[in-house]
Amino acid sequence: MPFSLLPPCVVLSPSRYRAFTFSLTFLLYTSFHLSRKPISIVKSELHKNCSALNELSTASSNQLPNLHTAAECSWKPFDKSNYKQLLGAMDYSFLCAYAVGMFLSGIIGERLPIRLYLTFGMLMSGLFTCLFGLGYIYSIHSLGFYIFVQVANGLVQTTGWPSVVTCIGNWFGKGRRGLIMGIWNSHTSVGNILGSLIAGYWVSSNWGLSFIVPGLIIAAMGIICFLFLIEREYCYVIGWTKLLLPQDNSSVSVPVQQVVVVKSESEPSAISFMGALRIPGVIEFSLCLLFAKLVSYTFLFWLPLYITKTAHLDAKKAGDLSTLFDVGGIVGGILAGVISDKLGKRATTCAVMLLLAAPILYGFSMISEFGLGPTIGMLLVCGGLVNGPYALITTAVAADLGTHKSLKGNARALSTVTAIIDGTGSVGAAIGPLLAGVLSSQGWDQVFYMLMAADFLALLVGADAC
């Protein structure tokens with residue numbers, strides 16, 4: 001293997017390798033979600049409600065000319081009455097590219113060094129995230145430009161999930177996998193929270209920086225990935241060796257420095273796409289995730305705008321409040337992992353949480369009109385029940401299926417299985433925000449009815465896996 005492909009040689013004990021890999025992959029994928037979140041925060045800035053500014057200007061018209069119109073307050077081309085459809089099209093372009101690319105990403109990832117593949121994806125994702133922000137700096141008002149950036153970013157971001165799940169799955173066995181991956185998967189919510197706070201800091205003054213700063217962060221994490229990521233597949237640790245003593249031909253075991261050595265033995269061939277589909281449970285959980293991720297990503301991309309319109313808050317306050325949904329998601333993901341470990345039934349755990357989520361979604365649409373306090377409570381509960389099944393399927397379930405007994409010990413199926421499950425889920429993630437953009441023009445109630453229907457479909461499909 002060429003020297004440039006060798007993993008870095010870091011002297012650590014096996015347990016510390018696991019802790020190091022756990023922490024590093026956590027931070028790596030946190031940066032992925034951190035760079036995806038700004039668009040949902042900036043939406044309310046791309047199309048503002050300028051009525052308040054117009055009223056203020058009219059009241060003081062004797063002293064000052066009317067400087068603000070609806071068009072001037074909004075960012076072209078999102079200043080038109082169909083702005084919700086245009087914003088939905090941007091979401092759809094990113095998520096559709098992500099869904100298509102994910103099916104290919106897993107197959108490619110099985111055949112390339114994870115470290116290099118992940119580094120490339122993070123650097124390119126940083127580039128395209130920054131490009132979106134440069135649209136503000138250079139006053140770019142072409143919808144085609146923003147669509148292109150979203151499509152390109154969606155494609156390169158598919159390098160992330162199969163790579164980090166494969167890496168963490170290689171280092172950790174099945175024991176307490178639900179708990180370990182439930183904690184680890186909180187990177188999704190942590191990234192969303194940090195992305196909301198970072199984007200919200202600049203959204204009202206210079207929304208270009210809301211993209212540029214997260215873009216620089218994920219690019220920097222890509223460099224860290226290249227320098228420090230250790231792949232279990234390519235290395236093992238030597239901790240003890242036997243020395244032969246010449247005087248009496250006796251031997252003694254002595255500790256020596258631990259080193260990383262590249263394996264020379266042949267690896268089993270990577271599994272095919274159709275071979276991965278034949279693994280029991282892959283199709284059922286993939287379809288279940290399609291509908292579960294539809295619900296989760298609709299909240300991810302539209303919740304700040306919904307809060308802005310219904311609670312009449314500015315973009316920063318709405319973004320900060322929306323982070324409570326992700327806080328609930330952290331708790332829900334860990335709770336789902338713990339329960340599934342105790343029961344040994346991952347599908348049943350998903351089904352129960354999906355069943356409870358439907359009435360909570362309806363309650364959220366009603367209670368959000370009764371003030372800030374009830375809204376905060378419902379955001380936390382809704383985030384836990386919506387993100388719990390989604391987190392469990394994309395982590396512990398995917399790792400279980402990627403190391404299924406039918407594979408006879410071939411560990412090179414994990415990336416492909418993960419990509420199939422998350423790629424199918426990403427189809428739902430692309431459809432949900434698009435439908436939300438269309439339905440919200442008829443009233444937000446229609447959006448919540450769509451989310452409840454998707455939740456029930458996830459429950460029906462997931463029941464087949466029980």
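User: How many aromatic pairs does a search of the whole structure find?

Analyst: This is a predicted model, where local features need pLDDT of at least 70, side-chain atom pairs count only at pLDDT 80 or more, and totals for chains, interfaces and linings use all residues. Residues are numbered from 1 along each chain as its sequence is written, and side-chain values use heavy atoms, leaving out hydrogens and water. Rings of Phe, Tyr and Trp (its six-membered ring) pair if their centres lie within 6.5 Å; planes under 30 degrees apart are stacked, over 60 edge-to-face, the rest tilted. Over the whole structure, the search gives 27.

User: What kind of aromatic pair do Trp207 and Phe211 form?

Analyst: Their centres are 6.1 Å apart. The angle between the planes is 75 degrees. The pair is edge-to-face.

User: Are Trp207 and Phe211 buried or exposed?

Analyst: Buried means under 20% relative accessible area, exposed over 50%, and partly exposed in between (1.4 Å probe, protein chains only). By that scale, both Trp207 and Phe211 are buried.

User: Which helices hold Tyr297 and Tyr390?

Analyst: The ring centres of Tyr297 and Tyr390 are 6.3 Å apart with planes at 75 degrees, so this pair is edge-to-face. Helices are DSSP runs (H or I, at least four residues), numbered from the N terminus. The pair ties together parts 93 residues apart in sequence, because Tyr297 lies in helix 13 (residues 282-311) and Tyr390 in helix 16 (residues 372-402).

User: Where does the charged end of Lys43 sit?

Analyst: A charge sits over a ring if NZ of Lys or CZ of Arg is within 6 Å of the ring centre and within 35 degrees of the ring normal. For Lys43, the distance to the centre is 3.9 Å, and the ring belongs to Trp302.

User: How many salt bridges does the structure hold?

Analyst: Side chains of opposite charge can pair when their charged atoms come close. A salt bridge needs a side-chain nitrogen of Lys or Arg within 4 Å of a carboxyl oxygen of Asp or Glu. The structure holds six.

User: Which residue forms a salt bridge with Asp422?

Analyst: The closest N and O atoms are 2.8 Å apart. Asp422 is buried at 2% relative accessible area. Its partner, buried at 1%, is Lys293.

User: What separates Lys316 and Asp320 in helix 14?

Analyst: Their side chains meet in a salt bridge at 3.1 Å, N to O. Lys316 and Asp320 are four residues apart in helix 14 (residues 315-343), so the separation is about one helical turn.

Methods
Helix = DSSP H or I, 4+ residues; strand = E, 2+ residues; numbered from the N terminus.
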